[in-house]
Amino acid sequence: MAVSLGDPAGIGPELIAEAWARRDTAQLPAFLVTGGASLLRAAAASRGIDLPIETIADSREAAGVFPRALPVLGTNDGDWAPGTPGLDGARLALASLDAATQLAVSQRTAALVTGPIAKARLAEVGFAHPGQTEYVAAACGVTAQDAVMMLAGPQLRAVPLTVHVALADVPRLLTCDLIVRRARVVAAALERDFGLARPRLALAGLNPHAGEDGKFGDEEARIIAPAVERLRADGIDVTGPQPADALFTPRGRARFDVALAMYHDQALIPLKALDFDNGVNVTLGLPIVRTSPDHGTAFDIAGKGLADPGATIAAIRMAGECAARRAAGSEPAGAGINC
């Protein structure tokens with residue numbers, strides 16, 4: 001796996017170090033980090049970890065090094081200044097992201113795991129994408145419409161069909177074609193990367209009570225229900241539109257493998273409520289496997305030993321499992337939540 005640093009002033013570097021320290025108990029696949037050797041060592045020390053690091057010149061060296069030291073590819077580095085983001089750190093984060101992405105795109109590593117970034121800082125150093133998902137999609141030659149963000153944890157998988165847009169714009173952006181296109185990507189990815197023979201998709205309604213027969217809006221009847229019918233005609237197991245306030249209850253979650261939500265918070269609030277410390281952001285529809293821990297830079301707690309490494313560990317493990325399933329031909333398995 002190729003792992004990017006994320007913003008060096010955030011919690012990314014210390015959690016990467018923690019993941020390597022727990023590599024055996026967490027049963028993690030071998031991974032390398034693109035740059036940041038000295039700041040990784042400093043970040044590890046803040047958590048009481050004596051981190052052995054070996055700088056490598058070729059990604060093929062990583063597997064042999066990994067049992068005894070954290071492999072770091074490249075000489076890009078910087079000062080570790082937790083909680084104090086700056087432009088030099090943003091440049092390092094971007095260089096690390098670019099190097100890790102290119103390793104995965106060129107198939108020199110089996111997957112890509114991206115550390116959390118500060119988008120505003122990256123924009124100041126020339127990053128022209130809304131986020132890392134769009135950046136990685138562009139590097140893969142995939143349109144933004146076909147790169148679908150899924151949040152996955154032990155108890156829930158959820159996909160926001162519209163992402164970083166104002167809530168007021170969601171009704172205008174939702175179309176039957178958008179829902180069908182992204183749902184097809186989701187269904188195919190759950191078969192290929194998660195081994196589900198016939199994944200069960202549930203579509204949330206946009207309005208309270210899924211519109212209640214048009215009383216609270218017509219998007220369900222006009223947009224979502226026709227999308228459900230088109231997906232069923234494709235042979236996809238899909239239900240909806242369902243009232244979102246009941247969709248994420250324990251009984252509701254038992255009836256689907258992934259929930260497709262109409263907007264960002266409709267998907268992320270339940271995921272973070274249920275699986276905050278183990279949530280993984282997975283990009284579906286790419287020719288490569290890409291995951292990321294589902295949390296931000298957390299500048300306020302960086303370097304204080306308070307950040308939970310669970311999501312970083314889960315992102316690395318899930319990337320390895322998905323990559324292994326692709327390599328093995330994606331034979332369908334059971335319907336467990338984790339990859």
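What follows is a short chat about a predicted model of one chain.

Me: What does the secondary structure of the chain come to?

Reply: The model is predicted, and its chain has 13 helices and 12 strands.

Me: How does the radius of gyration sit against a compact globule?

Reply: A compact globule with 339 residues would come out near 20 Å, and the chain has 20 Å, so the two agree. Along the principal axes, the C-alpha atoms fill a box of roughly 60 × 40 × 35 Å.

Me: What share of the residues counts as buried?

Reply: Of the 339 residues, 53% count as buried. The accessible surface of the chain is about 13,800 Å², and carbon and sulfur atoms account for 51% of that.

Me: And the contacts, what part of them joins residues at least 24 apart?

Reply: That part is 75%, taken among contacts between residues at least 6 apart in sequence.

Me: How does the lining of the largest pocket split by class?

Reply: There are 15 nonpolar, 10 polar and six charged residues in the lining of the largest pocket.

Me: What volume does the second largest pocket have?

Reply: The second largest pocket has about 200 Å³. Its lining has 14 residues, with Pro 8, Asp 79, Ala 81, Asp 88 and Gly 89 the closest to the centre. By class, that lining divides into six nonpolar, four polar and four charged residues.

Me: How many cavities of 30 Å³ or more turn up in the whole structure?

Reply: One. The largest cavity has a volume of about 50 Å³.

Me: Which element gives the most to the lining of the largest cavity?

Reply: Helix H1 (residues 12-21), with three residues. The residues that line the cavity include Gly 12, Leu 15 and Ile 16, as well as Val 113, Thr 114, Gly 115 and Pro 116. The lining has six nonpolar and five polar residues, and no charged ones.

Me: Switching to Gly 36. Where is it found?

Reply: Gly 36 is in the loop between strand S2 (32-34) and helix H2 (37-45).

Me: Buried or exposed?

Reply: Gly 36 is buried, because its relative accessible area is 0%. Apart from neighbours within four places in sequence, Gly 36 is in contact with Leu 5, Val 72, Asn 76 and Asp 77.

Me: What separates the C-alpha atoms of Gly 36 and Gly 252?

Reply: 44 Å; Gly 36 and Gly 252 are 216 residues apart along the chain.

Me: Backbone now. Which residues does the cis peptide bond join?

Reply: Gly 240 and Pro 241, with omega about 0°. Pro 241 is in strand S9 (residues 237-242).

Me: What is phi of Gln 27?

Reply: Near 55°, which is positive in a residue other than glycine. Gln 27 lies in the loop between H1 and S2, and at 67% relative accessibility it counts as exposed, the cut-off being over 50%.

Me: And what about phi of Ala 298?

Reply: Ala 298 is not a glycine either, and has a positive phi of about 50°. Ala 298 is in the loop between S12 and helix H13 (310-328). At 23% relative accessibility, Ala 298 counts as partly exposed.

Note on methods: Residues are numbered from 1 along each chain as its sequence is written. This is a predicted model: local features need pLDDT of at least 70, side-chain atom pairs count only at pLDDT 80 or more; totals for chains, interfaces and linings use all residues. Side-chain values use heavy atoms; hydrogens and water are left out. Ala, Val, Leu, Ile, Met, Phe, Trp, Tyr, Cys and Pro count as nonpolar, Asp, Glu, Lys and Arg as charged, and the others, Gly among them, as polar. On a 1 Å grid over the protein atoms alone, a cavity is a set of points where a 1.4 Å probe fits but cannot get out, and a pocket is an open set with protein on both sides within 12 Å along at least five of seven lines; lining residues have an atom within 4 Å of a point. Grid points are joined across faces, edges and corners, and a volume is the space filled by probe spheres set on the points. Helices (H or I, at least four residues) and strands (E, at least two) are DSSP runs, numbered from the N terminus. The radius of gyration is taken over C-alpha atoms; the globule rule is 2.2 Å times the number of residues to the power 0.38. Buried means under 20% relative accessible area, exposed over 50%, partly exposed in between (1.4 Å probe, protein chains only). Contact means heavy atoms within 4.5 Å. Accessible areas come from the Shrake-Rupley method with a 1.4 Å probe; for residues, only the protein chains shown count as cover.
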